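Let's take a walk through this fold together. Have the sequence and the 3D view open side by side, and follow along strand by strand.

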Amino acid sequence: MPGYFVKQLRCLRPRPKTGFRLRGFILQACLAVWGLALLIGPAQAAPSAGKLLVAATIVPLSDFCQQIGRDLIQVQVLIPPGASPHAFEPPPSVMAKASQARVFVYVGAGLEPWAARLLRSRGSKDLVVVEAAQGIPLLGMDEHHHDHAAAGAQGHTGKHAEQAGAHATHGAGNPHIWLDPVLAQEIAGKIAQALIQADPGHQAQYEANLKDFQAELAALDQEIKQHAQAWRLRDFVSFHPSFTYFARRYNLNEVGTIEAAPGREPTPRHLKNLVAAIRRYGIKVVFAEPQLNPRVAEVIAREAGVKVLKLDPMGGGPPYGSDYLHLMRANLAALDEALR
């Protein structure tokens with residue numbers, strides 16, 4: 001069995017990544033472009049018809065902003081749909097988009113390690129910043145994640161080595177807070193406060209829109225709870241720990257993950273034990289993610305005799321586009337298929 005996975009991993013191994021020096025040079029060039037955009041002035045990235053210009057790092061946050069700001073704001077998404085925020089490095093076009101923003105919204109918790117550098121370069125003058133994770137108790141990458149497969153394969157030391165790698169990638173903890181609809185209501189409140197601070201003349205509209213959006217998020221939470229009551233299975237295997245907050249909210253058990261952190265290639269022994277865990281827990285589906293290569297998930301599913309479905313933490317693609325509520329209902333349909 002291990003030999004089989006060694007052969008598969010060799011076939012799937014990606015090309016070597018560009019060196020850190022080159023990436024550092026590119027980032028410095030991007031920061032220079034950011035500064036140049038500031039000197040050039042508003043004509044380069046002027047908002048339409050006097051709208052408040054907002055920059056949001058990921059698609060779900062951009063939709064939160066849009067639902068609250070509606071026609072009063074213009075939102076720029078910095079990480080394009082289909083890209084993984086874990087591997088994203090901001091090109092000059094991102095700097096140009098964000099250079100004139102009055103409100104900057106990002107997740108924090110290490111998801112966008114470049115955001116702090118961008119903010120330092122942009123400066124705080126006339127900028128209201130929302131760090132969504134600020135004030136929210138973060139789960140560690142290993143919390144509510146009962147990685148039985150990794151524990152069986154690697155023992156205590158190996159498991160914690162993988163978790164340490166995950167923490168190194170994400171910084172303060174697991175950053176995927178927006179996938180819990182209850183925490184999403186809290187994030188929406190922070191965004192509304194920022195929009196009001198930047199544009200106090202429209203406070204009443206922002207507050208009314210926030211009330212409507214939070215009601216929709218509360219209805220989504222109740223809908224998921226109703227579906228969860230019918231789920232026969234509670235265990236699942238994900239590609240990486242993106243749905244950990246969702247799992248905690250709805251009493252699911254994340255038996256294992258294919259990658260403890262994005263880009264951390266699983267060992268053949270880890271994959272072998274994931275297959276064993278899938279069989280032991282009667283799991284019917286392995287979840288992949290649209291932003292990450294699904295080939296390892298397909299290898300595991302083929303060996304275990306189960307299907308591959310997708311859980312999308314980011315959105316931006318068809319059929320739901322940038323609509324967070326539609327995205328979460330598409331994820332709910334995938335969970336229905338996997339857990340009923």
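Start in strand β4, where Glu131 is the bridge partner of Tyr106. Helices and strands here are DSSP runs numbered from the N terminus, a helix (H or I) having at least four residues and a strand (E) at least two. To get from β3 to β4, the chain passes through helix α5 (residues 115-122), and this β-α-β crossover is right-handed. That term means that, with the strands pointing away from the viewer, the path from the first strand over the helix to the second runs clockwise.

Before going on, a word on what you're looking at. This is a predicted model, in which local features need pLDDT of at least 70 and side-chain atom pairs count only at pLDDT 80 or more, while totals for chains, interfaces and linings use all residues. Residues are numbered from 1 along each chain as its sequence is written, and side-chain values use heavy atoms, with hydrogens and water left out.

Back to the strands. β3 (residues 103-106) and β4 (residues 128-131) pair in the parallel sense over 4 bridges; two strands pair if DSSP finds at least two bridges between them. β3 also runs parallel to β1 (residues 52-56), joined to it by 3 bridges.

Which way do the side chains of β3 point? In a regular strand the side chains alternate between the two faces of the sheet. Val103 and Val105 go one way, Phe104 and Tyr106 the other, and all are buried. Buried means under 20% relative accessible area, exposed over 50% and partly exposed in between (1.4 Å probe, protein chains only).

Helix α7 (residues 181-198) is next: its 18 residues reach 26 Å from first C-alpha to last, close to the expected 26 Å, which is 1.5 Å times one less than the number of residues. Of those 18 residues, 14 are buried. At its start, a side-chain oxygen of Asp180 comes to within 2.9 Å of the backbone nitrogen of Val182.

Finally, the aromatics. There are 7 aromatic pairs in the structure; rings of Phe, Tyr and Trp (its six-membered ring) pair if their centres lie within 6.5 Å, and planes under 30 degrees apart count as stacked, over 60 as edge-to-face and the rest as tilted. Phe243 and Phe246 have ring centres 5.9 Å apart and planes at 75 degrees, so they are edge-to-face. Phe246 also pairs with Tyr250, this time tilted, at 4.8 Å centre to centre and 55 degrees between the planes. Phe246 is buried at 3% relative accessible area, and Tyr250 counts as buried at 4%. Elsewhere among the rings, Phe64, Phe213 and Tyr324 are linked into a cluster by ring pairs.

Technical notes:
A polar contact is a pair of N or O atoms within 3.5 Å; within protein, one must be able to donate a hydrogen and the other to accept it, and residues adjacent in sequence count only if both atoms are side-chain atoms.
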